[in-house]
Amino acid sequence: MASFLYERTLRRPVEGQGVGLHSGAEVAFRLLPAAPGTGIVFVRRDPSARGGRDGVEIPAGLEYVQPAQYATVLAANGASVGTVEHLLSTAAGLGIDNLRVELWGPEVPIFDGSAKPYVAFFREGGVETHGVPRRVLVPQKPLSFRLNGSRLALHASSKMRISYTIDFPGTMVSHQELSLVLTPETYEKEIAPARTFGFARDVEAMRRSGHIRGATLESAILVGEEGIVNGTLRFPDEFVRHKILDAIGDFALIGKPWRGHFTASKAGHQAHTLALKEWLADPEAFAIEETTEEDAALSQLA
């Protein structure tokens, strides 16, 4: 268990390709080991990014988040990368601190709309432990945030716990809530397979606005007036599980692991990132501590 006391990266490179959910672009990518303390960095290597031979680096940090309605988008050095949340969620869920993500395209592929394919890529790459102690962000006081109808809070806890509530009245999604302690095992089994979802009534309007150009019935759960249009659910509460998946990805933009109890109601990407920015702007809100043996026991990669 001691290995989780130290920063981690991939043991070897992994590569793949897929389609961007919103751009519809075919995107190739490589996941590469990275040095301790470097965090997660996206690199646009395609010619359209105009980055030259070495590409354009876009760090995965809150300061690089751009306004976007249906995904988390990062921009830096004249380039952007879209829909980063599922890959970031996987890295955080499995305890990967440092990673270089090279992309030949504008968006991280969506695959089946869950993080399960990315878990497989990370498993293929394996884990390498650095000799640098992990540092954990710990709340020092209760924190809260509201945005329109969204409510978010973060409190001290000896574990990393997420409690999430969603409510879509008048649809088969309805009201769902779930609370769990995040470990690599719970992430891989309980959260990673949960797919993104959308409503049939919204599809045409989203496409007219330039979104979901790459969406298919294999890349998301489509909810119609009378139920699921495409297949069956992986969990009865798959919808709220996916919201937790997204929140884990957005929290990864902090740049380090965290310990606390995060609660959210009727929230999404914009509320997640705005709350984190506001909380981190308060110098008394957090302390940075080294990972404890208890953290390592809870977070050990199975």
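Modeller: We can go from the overall fold to single residues.

Modeller: This is a predicted model, where local features need pLDDT of at least 70, side-chain atom pairs count only at pLDDT 80 or more, and totals for chains, interfaces and linings use all residues. Residues are numbered from 1 along each chain as its sequence is written, and side-chain values use heavy atoms, with hydrogens and water left out.

Colleague: How many helices and strands in the protein?

Modeller: There are 7 helices and 20 strands. Those are DSSP runs numbered from the N terminus: helices are H or I with at least four residues, strands are E with at least two.

Colleague: And what is the radius of gyration?

Modeller: The value is 18 Å, close to the 19 Å from the globule rule for 302 residues, so the protein is as compact as a globular protein of that length. The radius is taken over C-alpha atoms, and the rule is 2.2 Å times the number of residues to the power 0.38. Along the principal axes, the C-alpha atoms fill a box of roughly 50 × 45 × 35 Å.

Colleague: What percentage of the 302 residues is buried?

Modeller: Buried residues make up 55%. Buried means under 20% relative accessible area, exposed means over 50%, and partly exposed is in between, with a 1.4 Å probe and protein chains only.

Colleague: Which share of the contacts links residues 24 or more positions apart?

Modeller: Among contacts with a separation of 6 or more, 74% are of that kind. Contact here means heavy atoms within 4.5 Å.

Colleague: Charges next. How many positive and negative side chains?

Modeller: The protein has 31 positive and 36 negative side chains, and the centres of the two sets lie 1 Å apart. Lys and Arg count as positive, Asp and Glu as negative, while His and the chain ends are not counted. Each charge is placed at NZ of Lys, CZ of Arg, CG of Asp or CD of Glu.

Colleague: On to H272. Buried or exposed?

Modeller: H272 is buried, at 2% relative accessibility. The residue sits in helix α6, which covers residues 269-280.

Colleague: Which side chain does H272 have a polar contact with?

Modeller: D250, at 2.8 Å between the side chains. A polar contact is a pair of N or O atoms within 3.5 Å; within protein, one must be able to donate a hydrogen and the other to accept it, and residues adjacent in sequence count only if both atoms are side-chain atoms. Beyond its neighbours within four places in sequence, H272 is also in contact with residues including L152, Y164 and F262.

Colleague: Switching to strands. Where is L137?

Modeller: L137 lies in strand β11, residues 135-139, and is buried at 6% relative accessible area. K256 is 119 residues away along the chain, with the C-alpha atoms separated by 6.9 Å. Leaving out neighbours within four places, the contacts of L137 include K256, W258, F286 and I288.

Colleague: And V27, buried or exposed?

Modeller: V27 is buried, with a relative accessible area of 1%, and belongs to strand β3, residues 26-33. With neighbours within four places left aside, W104 is one of the contacts of V27, and so are G16, L103 and P109.

Colleague: Which residues in α2 are buried?

Modeller: P117, Y118, V119, F121, F122 and G125. Just after α2, G126 takes a positive phi of about 75°.
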